[in-house]
Amino acid sequence: MRAEPFRIKMVEEIKLLPREERERLVKEAGFNLFQLKIDDIYIDLLTDSGTSAMSDEQWAAMLMTKQAYAGSNSYYMLEKVVKDIFGFKFFVPVHQGRGAEHILFSNVVKPGNIVPNNSHFDTTQANIKFIGGIPRDFVIDNTCDTENNIPFGGNMDIGKLEDFVEKNRENIPLIMTTITNNTVGGQPVSMENIRKTREVARKYSIPFFIDACRFAENSYFIKTREKGYENKTIREITKEMFSYADGCTFSGKKDALTNIGGILATNNENLFEKIRNMLVVTEGFPTYGGLACRELAAMAVGLEESTKENYLEYRCGQVKYLWEKLHNVGVPTVNPVGGHAVFINGKKFFPDIPQEQFPSQTLAVELYIESGVRAVELGTSCFGEMDEKTGRMILPKLDLLRLTIPRRVYTNNHMDYIADAVIRIYKQRKEIRGLRRVYAPPLLGHFLARFERFS
Ligand code: P70
């Protein structure tokens with residue numbers, strides 16, 4: 001592996017609190033790590049969203065752009081790169097991914113409509129439900145067995161999708177695909193699968209949108225894992241991927257290497273008009289879309305940087321470095337490694353903790369106490385739903401802990417520290433007890449949930 005394709009120009013101090021402090025703080029936080037303060041965290045692996053280190057060129061562009069309510073030059077910088085990378089006819093900037101989701105779904109989804117996706121992520125799911133729609137996942141079956149080692153574990157099950165679409169055509173306003181598939185371990189989606197999803201959408205005249213948060217990492221996996229793409233550039237791959245879609249939602253907080261921002265794009269002029277009209281009411285004028293102009297500039301430059309192959313090789317290489325350290329000693333990781341994070345299978349890590357007792361959330365709590373590292377649960381707390389009739393929880397298939405690696409922020413020494421801490425907990429796993437959830441709001445409950453420890 002090559003070393004990082006950058007030098008470090010500015011650093012930020014991080015501190016490791018004493019273990020007793022960490023014990024006290026996590027208890028006070030209701031064993032929910034979203035409630036901790038950043039100063040109480042040594043290494044923050046909660047998310048790769050909005051946590052990237054920006055480049056000197058991004059900071060320079062932020063300073064140089066002119067702030068304007070209408071017609072800012074950073075909008076035109078962004079327009080150029082968005083046209084080049086995504087290729088859709090129309091787009092608007094939005095404050096972040098969920099802003100795009102809310103505007104898109106408000107204009108195309110009616111109460112009772114069903115939206116198929118390979119896997120909806122939490123905000124996508126919530127925004128569909130918020131307006132009375134029903135999100136349905138069609139990810140391939142065997143990806144849920146985290147030992148399957150399939151190169152494109154994020155793929156849509158095309159057969160199941162087509163069966164479902166055939167029976168429910170009238171009730172499906174759009175089909176989506178999420179690249180990479182965050183819910184199932186950041187696994188990529190193949191070009192072939194995107195093309196076949198498009199074919200189903202075309203056959204039944206349904207619009208097809210891509211949730212493009214991690215499009216650059218997905219393109220890198222296509223280049224390195226899919227036959228026929230090894231000699232294509234990332235931009236060529238990206239262009240082909242988006243050529244199959246009618247539009248996209250995009251959170252710039254991930255692959256565009258910014259701290260805030262997103263876009264909503266479409267080829268449909270009528271839809272675009274509705275989007276723009278709503279944008280003016282809920283986000284802002286179309287040349288700033290809820291962002292300061294400097295943030296548009298950072299996103300424009302970040303998008304250029306995100307598609308450089310040496311950057312992606314470093315980025316995906318660092319995630320793989322951490323994954324190998326854990327996988328090689330038998331920690332039950334999701335395999336093969338995905339794009340933005342190493343995922344650990346909580347149910348396999350703690351075989352004695354029942355899923356109702358939140359094994360991955362338990363691991364997140366233990367990891368913070370052990371090492372000051374904050375990871376995030378993507379499992380029973382994040383995706384589990386309450387069955388209103390029985391009052392019992394509907395358990396999701398997967399219960400994962402995500403060690404999410406911010407872009408260009410931590411070194412491989414940090415990765416070594418994280419791996420050592422996880423391995424120490426793995427060795428003591430028999431002694432660890434699970435959690436009981438005592439509070440959770442109905443939508444996106446994991447952000448504000450509170451837990452108690454079984455003693
Ligand atoms: C993450 C964050 C955001 C996201 C996404 C996909 C595939 C849309 C969005 C919304 C959310 C998160 C989760 C746990 C902890 C902190 C943050 N994903 N589609 O980390 O985008 O956040 O810009 O509204 O992954 O995966 P936005």
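Predicted model: local features only at pLDDT ≥ 70, side-chain atom pairs only at ≥ 80, totals over all residues.
Strand β7 spans residues 247-251, and five of its five residues are buried, so the strand is largely enclosed by the rest of the structure. Burial extends to both faces of β7. On one side lie G247, T249 and S251, while C248 and F250 lie on the other, and all of these residues are buried.

Pairing of β7 involves strands β6 and β8. Strand β6, comprising residues 208-211, runs parallel to β7 and is joined to it by three bridges. Within this pairing, I210 has C248 of β7 as its bridge partner. Strand β8, comprising residues 262-266, runs antiparallel to β7, and five bridges connect the two strands. Here F250 is positioned opposite I263 of β8.

The cysteines were examined next. Zero disulfides were found in a search of the whole structure. C248 accordingly takes part in no disulfide, and the nearest cysteine sulfur, belonging to C213, lies 9.6 Å away, whereas a disulfide requires two cysteine sulfur atoms within 2.5 Å. The relative accessibility of C248 is 0%, so this residue counts as buried. C382 is likewise in no disulfide, with the sulfur of C213 again the nearest cysteine sulfur, at 14 Å. With a relative accessible area of 9%, C382 is buried, because the criterion for burial is a value under 20%.

Technical notes. Residues numbered from 1 in each chain as written. Heavy atoms only, no water. Buried < 20%, exposed > 50% of the residue type's maximum accessible area, 1.4 Å probe, protein only. Helix = DSSP H or I, 4+ residues; strand = E, 2+ residues; numbered from the N terminus. Pairing = 2+ DSSP bridges.
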